[in-house]
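Subject: Structure handover

Hello,

Here is the structure you asked about, with sequence and coordinates together. My notes on what turned up in it follow below.

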Amino acid sequence: QRPVCTPDATMLFVAALLSQSFSPSVVPRSGAGAVSAPAFAPLVASRAGAGAISATIDGHFAVGVLAVQGGFAEHMAAIERQSGVVGREVRVPSDLEGIDALILPGGESTTQGHCMMEAHLLEPVRAFAKSKPVWGVCAGMILLADGLAQDAPQALVGGLHATVERNAFGRQVDSRFRAMALSGSAAEAGVAAASYFIRAPAFAKVGEGVEVLATLPDGNKPVAVRQDNLLATCFHPEISGDDSWLHFFLNHVAKAGVDTTASAPYPDAAITAPWSPNPMPDSGVDVAVKRAFAVFQKGGVIMDVVNGEQARIAEEAGAVAVMALERIPADIKRDGGVARSSDPAMIKDVMAHTSLPVMAKARIGHFYEARILEALGVDCIDESEVLTAADEAHHIDKRDFTIPFVCGAQDLGEALRRIAEGAAMIRLKGNAGTGNVIQAVRHARDVYAQMRQLQSLRPDEVFVYAKEMRVPVELVEQVRRAGRLPVVTFAAGGLATPADVGLLMELGVDGVFVGSGIFKGE
């Protein structure tokens, strides 16, 4: 693996760190950013072994959630539903003090590994996992494994005697809400037998002492295992409408003795990720599966790249996904002419050079460009105003595609209209290619202010509001109840410094796009 030493790559990784550090749903504790790691590993090693309730917070069983990138907020919400259990976000080594168990959430495992190393967390988490209960979910499962089937070195916590294959089911188009065949202690506990598999890994090989808890229905491919104090699942119970796998972790792995009958009920699917009811197991791709993809991009940087080499650098620097385009927005504006979707050969080159999700742009209204991108197997399509619009009146009907779309928006009405058309992710528009963040800030403030205004309306005032916005009243009601858009929301356009990223994250976005102009930096 070649080292990443360019200033451009360093800036990208700092941006990734900032994007998770300033997430509005996870406000850093006072002084947390200043804590360093040095002497924490001996403290963890000296604690009681797995199964003992060694240290509680205010008399509650304490569960930490690695909160550097990905779907950690969903795990925190699930923990908060449990009686006698308290959650803590873990970003620096001192956050591990006093917790009894740890969850490594879904996201991008390479990004999470980078963030853990930069925060001096990797060695403390390794020490923690030797004696305390740890649950790795999807990306977290990859981190827990002793090895990877692919020849792609990355930071691993290790400890689980298994080899994991990343993206074992294929690209996003192959993601599903899948049924499983339960076995062993999981079957006895009666955990849920279906869950979301989003660009999921799987076990290529399991070693001695590893209990297989679930496989695909045909009995092949283990998808959940347990080894003493370690639990690993390649799927996402935290967004699947059921807390039974969390109960299994707390009571069967961590021996916490939690009264699950006293837990709060799982919230309505309309107000929690992926903001749509679960589909039937093993059915085709639906709204929920497409929206779930972006949930695990949260807290990350999606990077514009113009070739495979830039995609490789972006992955090594901590990006959660890359956007393949032939010319960056600054060059498009400078050169003029018609800007179209990228050459399929270039997109294939990018896909061949990275294990990250790959996105690509189609012109507004150009559904056939989108069909070509779908056939290439990209993970997400950006119906982008940066390219020359193909249709002055109509956007693409995104509902019939098997892969998710991200669309730009300047205000709440535009965002809801794109979601009604099938967008699974919203990109708040900035002024791409300028390095000036003012428009991205303006549109972020507008969207979140409009959502606060919507929540203040009387129920009988929502109908007129929906009519004025030109969107279905059901979608307006969903936003009013959830207090947010029912899709993941990133910001893009003009973000030029790590401080710009922090500003937008503080305003409420879930993550950011950064232009490939960063590769032209001096």
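A residue counts as buried under 20% relative accessible area and as exposed over 50%, with partly exposed in between. By that rule Val-473, with a relative accessible area of 22%, is partly exposed. Please keep in mind throughout that this is a predicted model.

Val-473 belongs to helix H17.

In general, an α-helix has 3.6 residues a turn, so residues three or four places apart point the same way. The side chains of Arg-480 and Glu-477 form a salt bridge, at 3.9 Å from N to O. Arg-480 has a relative accessible area of 19% and is buried, while Glu-477 has 25% and is partly exposed.

Salt bridges elsewhere

The structure has 23 salt bridges. One of them joins the side chains of Asp-243 and Arg-81, at 2.8 Å from N to O. Asp-243 sits in the loop between strand E14 (230–233) and helix H8 (244–253), and Arg-81 in the loop between helix H3 (72–80) and strand E3 (85–90), so this pair ties together parts that are 162 residues apart in sequence. Asp-243 is buried, at 9% relative accessible area. Arg-81 is buried too, at 11%.

Another salt bridge links the side chains of Glu-315 and Arg-166, with 4.0 Å from N to O. Glu-315 is part of helix H10 (residues 308–317), whereas Arg-166 is in the loop between strand E7 (160–165) and strand E8 (176–179), so the contact ties together parts that are 149 residues apart in sequence. Both Glu-315 and Arg-166 are buried.

E18 spans residues 380–384, and five of its five residues are buried, which leaves the strand mostly covered.

E18 pairs with two strands that I can describe here. Strand E17 (residues 358–363) runs parallel to E18, and five bridges join them. Across that pairing, Lys-361 stands opposite Asp-382 of E18. Strand E19 (residues 405–409) also runs parallel to E18, joined to it by three bridges. There, Glu-383 is opposite Cys-407 of E19.

Helix H13 contains Ile-372, which is partly exposed with a relative accessible area of 38%. Ile-372 forms a nonpolar surface patch with Phe-367 and Tyr-368, and the accessible area of the patch is about 340 Å² together.

The sheet of E6, E7 and E11

How many strands are in the open sheet that contains E7, and in what order do they lie? There are three, in the order E6-E7-E11, with mixed pairing. Strand E6 (145–148) and strand E11 (202–206) are the edge strands, each pairing on one side only. From one strand to the next the twist averages 40°. E7 and E11 run antiparallel and are joined by four bridges. Within that pairing, the bridge partner of Glu-165 is Ala-202 in E11.

Helix H5

Helix H5 (residues 122–129) is mostly covered, with six of its eight residues buried. The buried residues are Leu-122, Pro-124, Val-125, Ala-127, Phe-128 and Ala-129.

Regards

Conventions
Residues are numbered from 1 along each chain as its sequence is written. This is a predicted model: local features need pLDDT of at least 70, side-chain atom pairs count only at pLDDT 80 or more; totals for chains, interfaces and linings use all residues. Side-chain values use heavy atoms; hydrogens and water are left out. Buried means under 20% relative accessible area, exposed over 50%, partly exposed in between (1.4 Å probe, protein chains only). Two strands pair if DSSP finds at least two bridges between them. Patches are made of residues with over 30% relative accessible area and no salt bridge: like charges are joined within 9 Å, nonpolar side chains (Val, Leu, Ile, Met, Phe, Trp, Tyr) within 5 Å. Accessible areas come from the Shrake-Rupley method with a 1.4 Å probe; for residues, only the protein chains shown count as cover. Axes are lines fitted to C-alpha atoms, for helices over the stretch in contact, and angles run from 0 to 180 degrees between N-to-C directions.
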